[in-house]
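Subject: Handing over the structure

Hello,

Here is the structure I promised to pass on to you. Please have a look at it, and then read on for my notes.

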Amino acid sequence: MEKGLFTVALNKEIAPGVFRLEIESEDPAFLIHGEFVNLGIDGFYLRRPLSVCDSEPGRITLVYKVVGQGTRALSALEPGAVLSLLTGLGRGFDPTACTASALLVGGGLGTPPLYALAKELKADGKKVTAVLGFNGVEDMILVDDFRQVCDEVVVSTVDGSYGIKGFVTDAIDALKPSFDYFYTCGPMIMMKVVCGKLETSGEASLEERMGCGAGFCYCCSIQTVNGPRRVCKDGPVFKKEEIIW
């Protein structure tokens, strides 16, 4: 875990209540896909854990939704504002677990953490198929970004306003993708169904309320086949076979 100061370069609304935050630093911070940062906001005691969408030396991209006073204050920040970040938190995805073809399944705000993973898988010469699910066309985020790096991208919307009508599982049924490993992130019920439906092995990035974000308070613990595990420290990414839903 490292602490550093980052300057806001972009803080733009990309869907109703959803913002793309790009922050820069002179420090060569480079994060592993699936990790998260703990972001300090002036006037709020607890930091906000946010998953990493993308990163390169000195620049991090985060995508977040306004859900309370803290994220509302974050959404009001203009370029040039300075934020305190704790980086290098959590255990991310393992791209080496995929042999040749990967399936990425993202739902809503679970889509951003899969983006950097898609880039690395493609850079390693692997085929990448992404199935992304949203409530409606107005909620869609990063679809064009995924199309630039994936071999195939299929979108489902619950209301049928774009792509395949229904859930990500309906899109998977329609697409019948070929893959040897899968990665998923999104609502817990979605990931539970996906992990139960897909016969191959895979990984899921979980989300729980966090206090410290560094493994000290144990408030984000979940039950696994190996006993209680902390989402912030032992996760947020767990193998499908580990999780007790």
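**Overall build**

For 245 residues, a compact globule would have a radius of gyration near 18 Å, and the chain agrees with that at 17 Å. That radius is taken over C-alpha atoms, and the globule rule is 2.2 Å times the number of residues to the power 0.38. Please keep in mind that this is a predicted model, in which local features need pLDDT of at least 70 and side-chain atom pairs count only at pLDDT 80 or more, while totals for chains, interfaces and linings use all residues. Residues are numbered from 1 along each chain as its sequence is written, and side-chain values use heavy atoms, with hydrogens and water left out.

The C-alpha trace spans about 50 × 40 × 35 Å along its principal axes. Five helices and 15 strands make up the list of elements in the chain; these are DSSP runs, numbered from the N terminus, with helices (H or I) of at least four residues and strands (E) of at least two. Of the 245 residues, 52% are buried. Here buried means under 20% relative accessible area, exposed means over 50%, and partly exposed is in between (1.4 Å probe, protein chains only).

Among contacts with a separation of 6 or more, 61% join residues 24 or more positions apart; a contact means heavy atoms within 4.5 Å. The chain exposes about 11400 Å², and carbon and sulfur atoms supply 51% of that (Shrake-Rupley method with a 1.4 Å probe; for residues, only the protein chains shown count as cover). There are 24 positive and 31 negative side chains, and the centres of the two sets lie 4 Å apart. In that count Lys and Arg are positive and Asp and Glu negative, without His or the chain ends, and each charge is placed at NZ of Lys, CZ of Arg, CG of Asp or CD of Glu.

In soluble globular proteins, nonpolar side chains tend to be buried together. In this model the largest nonpolar core has 30 residues, and Leu104, Leu114, Leu121, Phe146, Cys150 and Tyr183 have the most contacts inside it. A core here is a set of buried Ala, Val, Leu, Ile, Met, Phe, Trp, Tyr and Cys residues joined through side-chain atoms within 4.5 Å. At least two residues of this core come from each of strand E7 (101-107), helix H2 (115-123), strand E8 (127-134), helix H3 (143-149), strand E9 (152-157) and strand E11 (181-185). A second, separate core holds 25 residues, including Phe36, Val168, Cys195 and Ile222.

**Helices H2 and H3**

The buried residues of H2 are Tyr115, Ala116, Leu117, Ala118 and Leu121, and they pack against strand E4 (48-56), E7, E8, H3 and E11. Just after H2, Gly125 takes a positive phi of about 80°.

Arg147 belongs to H3 and is partly exposed at 39% relative accessibility. Beyond residues up to four places away in sequence, Arg147 touches Val153 and Tyr162. Its C-alpha atom is 8.7 Å from that of Ala130, 17 residues apart along the chain.

Thr169 sits in helix H4 (residues 168-175) and counts as buried, at 15% relative accessibility. With residues up to four places away in sequence set aside, Thr169 touches Val193, Val194 and Lys197.

Met188 is in helix H5 (residues 188-197), partly exposed with a relative accessible area of 32%. Not counting residues up to four places away in sequence, Met188 touches Leu206, Glu207, Glu208 and Trp245.

**Loops with something to see**

Leu142, in the loop between E8 and H3, has a positive phi near 65° although this residue is not glycine, and at 7% relative accessibility Leu142 is buried. Lys176, in the loop between H4 and E11, also has a positive phi, near 50°, but Lys176 is exposed, with a relative accessible area of 65%. Finally, the peptide bond from Gly235 to Pro236 is cis, with omega near 10°; Pro236 lies in the loop between strand E14 (227-230) and strand E15 (237-239).
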